[in-house]
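Have the model open beside you as you read.

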Amino acid sequence: MNLTLFIWRQKGPDKKGRLEQYEAKNISAEMSFLEMLDVVNEGLIKKGDEPVAFDHDCREGICGMCSQVINGVPHGPQEKTTVCQLHMRNFKDGDSIYIEPLRARAFPVIKDLIVDRSALDRVIQSGGYISVHTGGIPDANAILIPKENAETAMDAAECIGCGACVAACPNGSAMLFTAAKVTHLAMLPQGKIEAARRVCVMTDSMMNEGFGNCSNHYECQAVCPKGIKVQFIAKLNREFIKAAIRRRGGF
Amino acid sequence: MILNGKCPAGPLAEKWDRHRNEMKLVSPANKRKYNIIVVGTGLAGASAAATLGELGYNVEAFCYQDSPRRGHSIAAQGGINAAKNYPNDGDSIFRLFHDTIKGGDFRAREANIYRLAVLSNNIIDQCVAQGVPFARDYAGYLENRSFGGAQVSRTFYARGQTGQQLLLGAYGALSRQIKEGTVRLHPRTEMLDLVVIDGEAKGITVRDLVTGKFECYAADAVCLCTGGYANVFHLSTNAMGSNVTAAYRAYKKGAFFANPCFTQIHPTCIPVSGEHQSKLTLMSESLRNDGRVWAPKNKGDNRSPNDIPEAERDYFLERKYPAYGNLAPRDIASRAAKEICDEGRGAGSSGYGVYLDFADAIKHLGENKIRERYGNLFEMYEKITGENAYKQPMRIYPAPHYAMGGLWVDYNLQSNVPGLFVLGEANFSDHGANRLGASALMQGLADGYFILPYTISDYLAQTAFGKVNAGHPEFRRSMEDAESFTKKLLSVNGKKTVSEFHRELGRIMWDNVGMERNEGSLKKAMELIPGLRAEFWENVKVPGSGVELNQEMEKAGRVADFLEFGELMARDALHRNESCGGHFRTEYQMPDGEARRDDENFCHVAAWEFKGVDNGPELHKEPLVFENVELAVRNYK
Amino acid sequence: MLFFRNTVGRKIVIAVTGQLMVVFVVFHLLGNYFNPYSINLPDSGVLLWMMRAVMLISFFLHTFFSIQGELENRRAKPEAYAVKKNLRATFAGKTMLWTGLLIAAYIIYHVLQVKFLILEGSFQEGYVVAAVYVAALATLFLHLYHGIAGFFQTMGWNSERALPVIEKIGKGLAVVLLAGYISIIIFNRI
C-alpha cells in the first residue's frame, strides 16, 4: 500500500517544528508501524535527507520507549497496543497518517518525535517505591498477600511508563501513571507502611513537574497500551483522603 | 596464559561464606570517597547501582535509554528460579546448582553456580520486600511453576512479565538512591570507551546522545552491566538498541572476552515476514506442551496449512525424537526446524517457519481450555501476524535470544583488568554453553544485589580513592579517540545505510555461525566479515552531524563493533572442536544427532585477548575443574 | 492545609462543594414544585443563613479552585495537536470551565432578578428571559453531566463494576434536573 505521512519535524528543543509531508510507498500489511517508518527513513538517508528521529527499543510492547501520537491518538488506533506492536494492516492504501510527538509541558520535545519523559522518573523518585534496603529480609513467605490483592497490585504494576496517558489527557496530567504506582504499592502489606506519605509526595511531585490536574476525562485509560484503569485513580483519591485524615495537619 | 578463576578453597557449600568473611571492607566513613561507575541499568546494573548507593558509595549510573526502567531485562517473560522448595517437591540448593551446571553442558564454574543457587533464595525475599507482585495462591503464599524441563517447580513468576516486575523493583530501589543523592543518573548516554590507567580501570568516556557531547568520568572502579550481544545476528529477540559496544571496547582495552560463540537460539519465535523485519518476538516455550510441530512433506507446498491433508504432513519432532516429541530441548527443536526450512519445506511465504498446530489440543481439550492457558500468547500472535491461531496453525521459527558468552570475570566478577567488574549477561560466568529457562533474571540480580557489593569492597579496600581525575592525559586520549571515531563514521559518506550492513552481517552470522556451525562455514564467515567490514568503512552512509541527537550515528558505531565482534565469535567457534550446549558443530555429533562434547580437550573457558583488529586475538584458557559433579552426557532420547 | 495545597485535595474540595450545590439545586427544584413562591421560608432563620453561608463558601471555593486548576491545566498543555481524537472525553467534560462561568453569571442574574428585584422581568413574562433561563439550564445540564459522576470517582467511590452505574446515575440525575426545571418554565408559560 501507499500512504501519505505528515510527520512532526523539529530540529531541537528550542527550534520551531512543523508537520512535513512524506510518501511511504510499497508498504506491506505485515510490517509494524515502526518498520514502516524504518523504510521511510532508509529512503530519506539514501536521498541525503535527515531521517525522522523517534524513540523505540524493545519493539515488543514492554519497554515503554516508543511514543507517538498517530492520527490524534497516542500509540495509534488499535486498543491496548503500543506503536511498536501496531501493524500496518490497521491502515489501508491511500490513507493519510498524522504522526506527532507526545505533547505536554512536562515532555519537552528533544527532536522530531522524541520527547523528554524524565519527569515521570522524578515522580517515581519522589516516593514510588518501598524504602527497603538490600539484605536482611525475612523469608518471602513471611508476608502473606491475599490472591485478589496480589492480582490488583499486578494489574496496576503493569504500567510501562510510556507517557501515553499524559499525551492523551486534555490537561496533560500524569495522574493515571501516578495512581498505578500508588495502587500497586498500597495493595501490598509491605507497601502500606509508607502509603500515606507516598500518595502526598508523588502527587505533589507530579504537579511540580508541570503536569496538569486530573479532571476525570478518562482519556488516559482509553489510550493506555496496558489497559491501566481509572479506578486506580479512585484508589489514589481514597489513599489521599485516608492520609489527610490520619495526618491531622491535613486541615 | 592459564587464567585463574580465583575460586575460594574449601567445601563447595562453604566457599562463598568463607570468602565473604575473608574479603576486606571499606569503612563507612570512607565509602563516600569512592566513586563507582555503573554502565547499564537493567537488572544487574540497577540492582548494583542501588545497593552500592545504599552502602554509601558515590555512584554514577549510565544508560542509553531515556529512563533506567527500560533495560531489556524488562522483556523477560517466564520467571525466576530459586531453590526455596516451597512446593515440597524435593528441590534444594544442590539440585538447582546441579540442574544449572548440567544445563550449561558443564562449561561453567562449579563455585559460581553454587553461589548463585544459594543466593537465589535471598533474591526472592528481597524482591517480595520491594513489592514485586509475584503470583500467589489462595492462602496468600507464593506460587511456583515448573519451567524448562526441570523436575521440580521452582520458578517464581509475575504473570508473563516477571522481568518487568523485577526490573521495576530494582528501578524503585535505584530511584530511591537517586533521590538520596548517592546515585547520579545519566540517561541517554552511551559508553564509548574504557579508560585504563596503569593497568587498572579508572573511568569511561561517554557520548551524551542528546547533545552529542563527549565526556569523561573518572572513578575508582567501573562496573559493566551492559547485556548481551545477540544483535550481532541483526534479527534477535533483543531490543533494537542492545549492543556489544561497551563490552567490546573494554575488550579492546585489554579485558578478555570469554566464550563468545556460546549463544542461545530460542525455538518458538514468530517468523520473519519480509526484508523489512526489524526484530523477532519470542513466544513462551510452554506452547509446545499442547502444540504439535509439523511441516509439509513436499517441497514448495504453498497450500494453506488447513488444506494440507494429514498424510502429507511431517510431524518431524515426533518422528525424530519419539520419546520427547514436541518437547525436545531448545537446541534440538531449533536445529530440526532449520533443517526442514533449508530443505525447502518451510511454512509461510518466506519459507522460514514451521507449523505449531493446536487443532488436536483444541479437539480434545476444547478451545476454552487452550484460551485459558495461552490466550495472551494467541492474542499477541494475532496482533503481529494477523492470523487466528485457534483456526489455523501458528508459524514459528528459531531466533537468537541470549548470549552466554561475555567478558571474562573471576569469582569476584572482576575481569582481568583490575577495577573492571562485569555483571549480568555481559559477563560469561554462570550459564556455561547453554542457559536454562528462568536463570537469567536470577543471575543478573544475584550479581547486582548480593555479589558485587561484597567483592568490590575487597578491591576498593586495597586501592586508594581518587587516584586519578578526568584531567589525566589518558582521558584526553580516550576522548580524542572517541571523537575521531565519530568523525570517521560521518566522513565516509558512502551509498549503503547502516541497516543494510547490519542485515548483511546478520545473514553471514546466521548462516555460518548460527545454531549449526562447521569448520567450513566458520572459515567462510571469517573471510566474509573482514570484507564486509572493509566495505563498511568505505561505503557506509551516516547522515547528520555528531553534535546533535543522531540515531543513525549511534547505530553505526554499534554495527561497526559488531563487524569486528562477529569475527571473534566465528574464531571462538572454530577453535572449539566439540559440540556443547548452544554451540553445535556438525562434525561433532553422536550418530543420533546429539552434541558430542570433548571433555578431554575443551573443558575450559576460552578467553580472548585483543591484539589489533587485523591480527588474530590471543587465546587464554581457564581450565574448568569439577569436584562435586560428574560430567555426564546429556541425553534426551 | 493539605486539602487546599495538594492537587487531589483541591479536586476533592471542588467535588464536595460542587455536590453541595447540586443538593441545593435538587431542593430548589423541589421547592419550586411544591412551594412555588417560598411563602413559608422564614427570611432570617439561623438555618437559612447557615445554608446561605455554606452555599456562598461552596460557590467561592468551587470557582476559585476550578479556575486555578484550569489555568494549571492550560499551562501543562501548551501546544495543541494538529490532529486530536478524543476517545472518551466528552464535550461536557472539556467545557466545565465555560459552563461553570456561564452558570455563575446566570446565578448572579437570577439572584438579582428574583431576590433583590433589581433586574426587571421574569421568565413568566418574556420569551427572551425564558430563553435565557432555558439556555442556563442547558448549561447547567452539561456541567452536571460531567460533574455528578465525577464526584464519585473523586471521592474514591469507584470500582470497575461501579463505574458504568455511577456514570448512569450521574447523567440520569443531570437529565432529571434539566427536565424538572424546564417543565416549570413550560408549565408556567402555557
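Predicted model: local features only at pLDDT ≥ 70, side-chain atom pairs only at ≥ 80, totals over all residues.

Residues are numbered from 1 along each chain as its sequence is written, chains are lettered from A and ligands numbered from 1 in the order in which they are written, and side-chain values use heavy atoms, with hydrogens and water left out.

**Cavities**

How many cavities of 30 Å³ or more does a search of the whole structure find? There are 12. A cavity here is a set of points, on a 1 Å grid over the protein atoms alone, where a 1.4 Å probe fits but cannot get out; lining residues have an atom within 4 Å of a point. Grid points are joined across faces, edges and corners, and a volume is the space filled by probe spheres set on the points.

| Cavity | Volume | Lining by class |
|---|---|---|
| Largest | about 210 Å³ | 6 nonpolar, 9 polar, 5 charged |

The largest cavity is lined by 20 residues, and the closest to its centre are Glu35(A), His87(A), Gln277(B), Lys279(B) and Ile384(B).

For the second largest cavity, 17 residues form the lining, with Lys181(A), Gln130(B), Leu168(B), Gly169(B) and Gly172(B) closest to the centre. Helix H5 (175-186) of chain A and helix H6 (162-180) of chain B each supply at least two lining residues. H6(B) gives the most, with 6 residues. Helices are DSSP runs (H or I, at least four residues), numbered from the N terminus.

**Two domains of chain B**

Chain B is divided into domain 1 (266-400) and domain 2 (477-623), with bounds from an automatic or database domain assignment. Their C-alpha centres lie 30 Å apart. The contact (heavy atoms within 4.5 Å) takes 10 residues from domain 1 and 8 residues from domain 2.

Between them the two domains bury about 950 Å², 54% of it on carbon and sulfur atoms. Buried area is the accessible area (1.4 Å probe) lost by two parts on being put together, summed over both. On the domain 1 side, Glu275(B), Arg335(B) and Lys338(B) lose the most area, together 55% of what that side buries.

Across this interface the rule finds 1 salt bridge, meaning a side-chain nitrogen of Lys or Arg within 4 Å of a carboxyl oxygen of Asp or Glu. Arg503(B) forms a salt bridge with Glu275(B), with the closest N and O atoms 3.8 Å apart.

How values were computed
1 Å grid on protein atoms, 1.4 Å probe; cavity = no way out; pocket = protein on both sides within 12 Å on 5 of 7 lines; lining within 4 Å. Nonpolar A, V, L, I, M, F, W, Y, C, P; charged D, E, K, R; others polar.
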